[in-house]
Structures are given as structure tokens and as C-alpha cells.
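Colleague: I would like to learn how the terms for a structure are applied. Could you take me through this one, please?

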Amino acid sequence: MGALDGLKIADFSWVGAGPRATKDLADNGAIVIKIESRKRPDLGRLSPPFAGGQKNLDGSAFFAQTNTSKKSVTINLSTPEGVEIAKKLIAWADVVVENFGPGYMERIGLGYETLKSIRPDIILASVSVAGRTGPMAGFRGYGNSAAAHSGHAALTGWAGRAPHMPPLAYGDVVAPMFATVAILAALEHHARTGEGQHLDISQTEPMVHVIADLYAHASMPDKAGNEDADYLLHGVFPCAGDDRWIAIAIDNHGQLTPLADVLELTVPPDEAALAEATAKFEAGDLAAKLRSLGIAAAPVLDGRDVAQSAELAAAGHFVALDHPVLGSARMPAPPYQLSETPWAMTAAPLLGEHNREVLGEIAGLSDAEIARLEAEGVLA
Amino acid sequence: MTLLKGIKVLEIADGLVDFGGRMLAEMGADVVSISSEQDRAKERVLAWHHGKTRLSVDDPEAIIPLARQADIVLDGQRNGDRFGLSDVLGPDTKTIHVRVFAERGSSAPATDLTLMAQSSLMGVTGDPDRPPLRFPGEQAYALTGIQAATAALLGLYARRRIGHGQRVDVSARQSATLASYREAIMYEWTGRIGRRNGNLLVRGKSGVRQVWEARDGHVTWSMIDNPPMMRALVAVLAEQGVAGELSDVDWDNTLVADLPQETIERWQAIVGEFFKSQEKAQLGRWSLQKGWGLSVINTPAEVRHSEQLASRSLFVQVTDEATGEKASLPGPLFVSTIKPVPPARTLSAPQPASSFKRWSAS
């Protein structure tokens, strides 16, 4: 029994900024129907790594981890009949999610006003780079655009060097988390008032929110590498091995002496001496020693370390799911455990895997109609 | 916003839950925050705690009644359960008790930096000749706070059906690690381990730049396999008479990811000279009009004065009740068709917990 059992979502979103939100909902029990098309495949399905190393719309591990627990139907929204079928799914749904380019939903006849005419209490969540209003409403960009627009890039990096872009589309991580929260809050409001609403989630604004502590400064700090004014020592230091590092954070003078003792340094240790001393240790060993002394320290982990982490495995961070193309594939799970309504994950859907089930049961199409619409390229 | 009007939230603040409580307060919940045991920088207190009622712990016994009255307890205690909350908030109560741990099953000290280090994000952030680099601010804490808010709202939704609250345990380490969507899966499927590439975006056999100098700052743009985008950019270069050999490229039949690095460098040099000759606002306008996929890298001051963000009322004036100081901070989380009723734009001065009677009076 999941927390969201019985909740119905029509999910038009693609790539990362929308699908990560609907994954949160699906893993927690909502029925999420992903509306996609072979004519315009979700770019997530085209993103590596692929099972067998070959591009395959059903073999992307990237897509699989972003779309667990959902159902997939293929509807060609560039056809009038396809749009009419989509409207049947909207009539069924409590929540609609989309992250198309600005104006696309309106152009195909599925704007918020139309959705309301189909279901007056519908909750529509739209995710876009800059939001649906304002002078940049038409901006077409990517998750990293939000890093540039929000100040993240300008505040990342080393003094005297150029701004630094995150190594991933961080806006595609933060914005869908905001979308999940927004949808859940809108559902609470709906339960009490019966009202739906259109939630307009910009990727840029959440990225500003998560660095609000920096915006709280009267004069904005410049980028400062790994330093943090709240700490006496806050840095990353080399360890034995190839590209191995340890992060150490000290916030009171009482921790300086045990640190210096372990590293055989004088108090207070300067950073150059620290780097020389830490380089003699294996990162995990040194971190364990410092943590046992009450000092916050951790090895800097890479992708292999995370994949092989015994602690994460014990915490259930990865769940092995059987997928028809990927085989048994480990997928990251939600980072929380609910005692009474636990999440449960199933494998991401193949493209159009649930056409007959969903379009038959929800859209009321017969097998013959589905076959005809498939042949005509409407269900494609 | 008033989406959560009437929802009572007790927050035991210690970094990990603070932003989660801030989100719930922004959406209309009545958030009462017990101040952190540790001193935090005043900017962090202001950023994460405005719009809440702040209490100091003059009497630990005063906390349990608040927890019993709360719909949600965001419990970020780091050093053991100092108020005994887990003893009184069982699943038979109405309360959704969200307990946030740095790492489940471990009491080892952790900070935002050490959590980010373990996420695999830092290992791929930064320049190859420097140590791994953190993200700005406190991203592990922020990510954890959002997950705590999510978990609380999941519990609230479920409560309508099951009739009672529940306990939810949130891991900060997992919250930060979940954000790193590429590194572990790339290793599992290809055996490749990501490294720091500076601002180089490596795809296929080659790497392309992500950060470019403009006349008055920086922009981000990459030469990627997007023919319409490349044609749109080259058209403007041609208008300006600086397209050079780029005018002759058949973008529909060119796979940038497979080009020799020297060709990419030659083409990037043309683009780089052009970008350097232009103001970033002009480059931003072209990008918006013509679909280049280029973004201006805004300085924080430019973000504060952004016309786009002003049109959406993102920044609000927040007053520190104790000092009278004002700060411009992000307010609404999103825009909605439901007219927002914002929370108080103040950082309240802490009051003794024993004197707080609002909940018992309601």
C-alpha cells in the first residue's frame, strides 16, 4: 500500500525535469500514465548508457532510472485523433504534468483552459526553464540554463577563475523536486476545497531558492572554492591513490587538536601542511579515524564507489528490478522510508507497453480500434 | 500561498530539515521552529527560517505537547532524541513524524561538505588541476530538506486514507546521492568513472566548451548536435560577416560528437571571437529570439535585478524582527492560478517555548 494509492496522473513530460517528479509519485503508488510517441521519442530514451551499448528506445538505463513504476502509451499528439484520445486520459486524471516548450500544449489544444473544460478541478503542473510568464517565458534551454540564470554558475568555482557549470543538469534535479512538493500541496488544497490549479514551476527559481543563504548576504560573496565562513576548516585534501580525496569540515577549535594529532601536525595546521599529511593516508581509513574523534570527514566518492557502497546497499539505496531489455538492473530508490505506506518500485515501461491496457480500460477503445489507430500512425 | 493553511508543523532545526520547513511555511503551513543547538551564520538563519515562528528551548518539557498537536514534525535532531519525540509519536497518533538522519544507522558527524563528497557529485565538479569542488551554498542540506517536505506531504496525503500519521525516516546521504543521476549508473553500465573536466562538456570522442567570455562577462553555450540551433547561430555570424568556414558546414550531416578535436577547436575559435565582441545581454536576446540555447551567466547582483524574476515576484523583502535589518530573498516557490497569500515576510525573534500558547488555544 503506497502513500498515493488511487491517485491518477497523466504524464506528458519528458527527459528529466518532469519525469523525475512523476517518478516520485509513481514509486509511491500513484498510477502514472506516460504519454509519449515514437514520432517524437522522449530524449531520455535516447540517452546513454544503453543495454548492450547500442542505442535502443527500450534499452536506456538513464531512462529506466527516471521512469520507474510508470505505464507507457504511445499517442501521436500531432494528429487530431491523438489529441482526442489524450483528452480521455485527462478526463480520467487527477493531475496532468508537462514540460514541453512554451506554448506547445496550447498549440495542440491541450492548454490549461481546455483541460479545465474537460475536468474543472484538474491540477496541471508545468515545468519550464524560465516559467510560463515574463519576458523570458519563451526561452528554450536546458537544465544547465537554470544554473546560469540563477547565479549557481557564477557562485561555483575558484576565485580568479571563470564561473563553473555543474557537471550535470542540476536544474533538472531541483525543479522536479519542487514540482513534486507543489503537486502534493495542491492535492492537499484540492482535498479541502475541491479546487484544482495550474502550477507553473520554473527551473531557475528553485535554483535561486536553494542558494537563498548566499542571497541573504548584504553584499554577495564571490565564489570561494570549497571554503565556508561558518567553519574553521572546510576543504578537500589529497589522499593516497589516483584522484583520491578527503573532505574535512571543522567548526570548533576543540576539533583542531585531534585532527593535528592524527596527522602529526602542529595546531593550527596550515592547508599546505594538511594536504601533505593527508596524502599519506587512504581516504576511507583517514575519514573513519577522524569521524571516530567527532570530526566530520568523508572520502570523496566517485561513481564506482557509490555503485559499490556497502552502506548504500544496506540502506536500500538501489533496488534491483527486472526489465525486459536491461535485465536485472539496479535503480536508485527514494531516500525515505514511510512506516505505514512504503514505496514500491517496478521497472520502467517499454515504449507503448501499456497501449492496450490503458487505452482499452481508460480511453474505452476496442482492440480493433487500437489496431486501426496504430496502423494509421495515431497510436505511434 | 495558502495551499497548506491550517497545517501545523513543528520543526526541530539543525540544518537538514530547515529548507523543508521553509517550503511548507511558504505554502501556508503554520511552522514552529525549535532553534538549532549549534550557532548558524545569521544569513543562513534568515534564509531558511523567515516566515516561521521561532522558539528557544527554555523548557524541554514544552516541546512534547507541541509535537502531539502538530500534523507534521520535521525532526532534524543530530545528537540523539533530546526531547523524546520518538517515544510519543507512534503511528497511532495523527502526526507525521519525519526523522532526518545524515545517514541511516550511523551517528557519525556529517556536514553539507561531507555529504556532497559522498554523493559522487564533487568528484566530477571542478578543474582537473584542483581538488574536487563543492556546489555553492548548502546543496546536500537543501536536497534533504526538499525530500523531508516531500515525505511529510506524502504522509499527509496517506493520512486521509489510513486515518492516522506515520513515521518517515529520511537519509541525507541518499538525498544527495540521488541527485547524482549519472555517475553510478554510468559506471555500472560502461565501467567508466567520471573525472573533473572543468567547463568542458565531453561527449563521444570530443569535448566542447560550456563557458565563454562575452565583452562584459560570461555566457554558457555548447556546440552540440542540434542542427537548427547551429544554423540559427551561424546565420547571425554570417550577418555580422564573421562566420568563416562555419558557413560551409552541412549541419544536418555533421556529428559534432565524432569530429576531431582540432576541428572543434577551430570552429570554437570563430564562435569565441564573436561572443567576446558582444555584450552578454545582446547574446541573450539573440538566443531568446533565435533559439541558440545560449544562456547568460548572471552574476548574483544581476539575478537580484532580473526583469524575468521581478515579473514573477520571486524576490521579497524580509525583515529581521530582532535587528530591523532587511534582505531581499526568494519568496514564492512557484506561480499558481490560485492567488497567493504570502506568509509574514519576517524573521521572528525566538520566544521561549514555554510561553507559546497559540496551538493550544486553537
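Modeller: Start with two strands. Strand S8 (residues 245–250) of chain A and S9(A) pair in the antiparallel sense over 4 bridges. This is a predicted model: local features need pLDDT of at least 70, side-chain atom pairs count only at pLDDT 80 or more, and totals for chains, interfaces and linings use all residues. Residues are numbered from 1 along each chain as its sequence is written, while chains are lettered from A and ligands numbered from 1 in the order in which they are written.

Colleague: What makes S8 of chain A and S9(A) a pair?

Modeller: Two strands pair if DSSP finds at least two bridges between them. S8(A) and S9(A) have 4 bridges, so they pair. Strands themselves are DSSP runs (E, at least two residues), as are helices (H or I, at least four), both numbered from the N terminus. Within this pair, Ala249(A) stands opposite Ala296(A).

Colleague: Which strands form the open sheet, and in what order?

Modeller: The order is S7-S8-S9 in chain A, with antiparallel pairing. The twist averages 15 degrees from one strand to the next. Angles run from 0 to 180 degrees between N-to-C directions, and axes are lines fitted to C-alpha atoms, for helices over the stretch in contact.

Colleague: Why is one side of S7 and of S9 left without a neighbour in the sheet?

Modeller: Strand S7 (233–238) and strand S9 (296–299) of chain A stand at the edges. Each has a single partner strand, so one side of each lacks a neighbour in the sheet.

Colleague: Which helix packs on the sheet?

Modeller: Helix H5 (residues 112–119) of chain B does, touching S7, S8 and S9 of chain A. Its direction makes about 10 degrees with that of S9(A).

Colleague: How many residues of chain A are in contact with chain B?

Modeller: 108 residues of chain A are in contact with 105 residues of chain B. Contact means that the C-beta atoms, placed from the backbone, lie within 7 Å. Helix H8 (residues 171–193) of chain A gives the largest share of chain A's side, 13 residues.

Colleague: How do you know that S12 of chain A and S6 of chain B pair?

Modeller: Strand S12 (residues 336–338) of chain A and strand S6 (residues 166–171) of chain B share 3 bridges. The rule asks for at least two, so they pair. The sense is antiparallel. Here Tyr336(A) stands opposite Val170(B).

Colleague: How many helices and strands are in chain B?

Modeller: Chain B has 14 helices and 16 strands.

Key:
Two residues are in contact if their C-beta atoms, placed from the backbone, lie within 7 Å.
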